[in-house]
Amino acid sequence: MTALSVGDRELYNKLTLYESLRFYKDIHPDEICELRRMVVLSEYQNQHIGRKLLQTLIDFVRKQDYQAIHLTTSIVMKQACSFYERCSFKRGRIFRYSIDINELISKDKKNIAVDSKKTDKMTKFFSTPVVFNTLNDLTDADWKQINQPKIILKMKSKYFYVQNFWMNL
């Protein structure tokens with residue numbers, strides 16, 4: 001399943017205002033397509049279905065005159081990160097968000113899930129991110145939390161790591 005979207009409005013607004021944040025300096029944010037929620041069920045993985053879906057998206061966005069594709073995934077989704085690298089995406093910055101688990105659980109998630117602007121509402125659960133330029137910039141403490149996510153869930157505050165990926169078309 002793939003979805004073509006305007007994307008993370010807050011991120012792309014920042015890219016418009018601050019050229020230093022851009023992964024591709026010569027591409028305007030309006031020329032960036034965001035891939036959201038591409039999923040291949042586990043029983044259909046390793047059959048090149050994901051690669052074919054991704055190629056279909058790439059062909060389509062080229063015809064729509066986009067200049068780049070952006071996507072994010074959780075850094076703990078190592079298979080997804082590896083897949084996108086194999087498909088010629090370049091790793092961008094990593095965002096570390098703090099989430100208050102108790103705050104998240106106490107919110108009425110039903111209202112958020114049915115709201116057409118759920119992405120904007122969900123961002124209120126996340127703090128302003130700490131930004132890392134590369135994987136090498138993550139600290140030992142970060143790697144410990146990334147590699148042991150079940151322990152983090154028992155804490156009152158949790159870090160959530162988001163890896164940005166970019167492809168120049």
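1. Salt bridges in total. The predicted model contains 3 salt bridges. They are taken one by one in the next points.

2. R36 with E34. These two side chains form a salt bridge, with a N to O distance of 3.6 Å. Buried or exposed, where does R36 stand? R36 has 17% relative accessibility and is therefore classed as buried, the cut-off being under 20%. E34 is also classed as buried, because its relative accessibility is 5%.

3. E85 with R91. Here the closest N and O atoms of the salt bridge lie 3.0 Å apart. E85 has a relative accessibility of 39%, so it counts as partly exposed. R91, at 26%, counts as partly exposed too.

4. D142 with R96. In this salt bridge the closest N and O atoms are 2.7 Å apart. Which parts of the chain does the pair tie together? D142 belongs to helix α7 (residues 140-147) and R96 to strand β4 (residues 90-100), so the contact links parts 46 residues apart in sequence. D142 counts as buried, with 2% relative accessibility. R96 counts as buried at 17%.

5. Cysteines. The disulfide count is 0. A disulfide would be a covalent bond between the sulfur atoms of two cysteines. C33 has 0% relative accessibility and is therefore buried. C87 is buried as well, its relative accessibility being 8%.

6. Length of helix α2. This helix runs over residues 49-63 and has 15 residues. From the first C-alpha to the last, α2 reaches 21 Å, close to the 21 Å expected at 1.5 Å a residue.

7. Which residues of α2 are buried? They are G50, L54, L57, I58 and V61. These residues cover an arc of only 100 degrees around the axis, so they lie on the same side of α2. An α-helix has 3.6 residues a turn, so residues three or four places apart point the same way. On the face of α2 turned away from the buried side are the exposed residues K52, T56 and K63.

8. After α2. D65 follows the helix, and its phi is positive, near 70 degrees.

Definitions and conventions. Residues numbered from 1 in each chain as written. Predicted model: local features only at pLDDT ≥ 70, side-chain atom pairs only at ≥ 80, totals over all residues. Heavy atoms only, no water. Salt bridge = Lys/Arg side-chain N within 4 Å of Asp/Glu carboxyl O. Buried < 20%, exposed > 50% of the residue type's maximum accessible area, 1.4 Å probe, protein only. Helix = DSSP H or I, 4+ residues; strand = E, 2+ residues; numbered from the N terminus. Disulfide = S-S within 2.5 Å. Expected span 1.5 Å × (residues − 1). Arc of directions from axis to C-beta.
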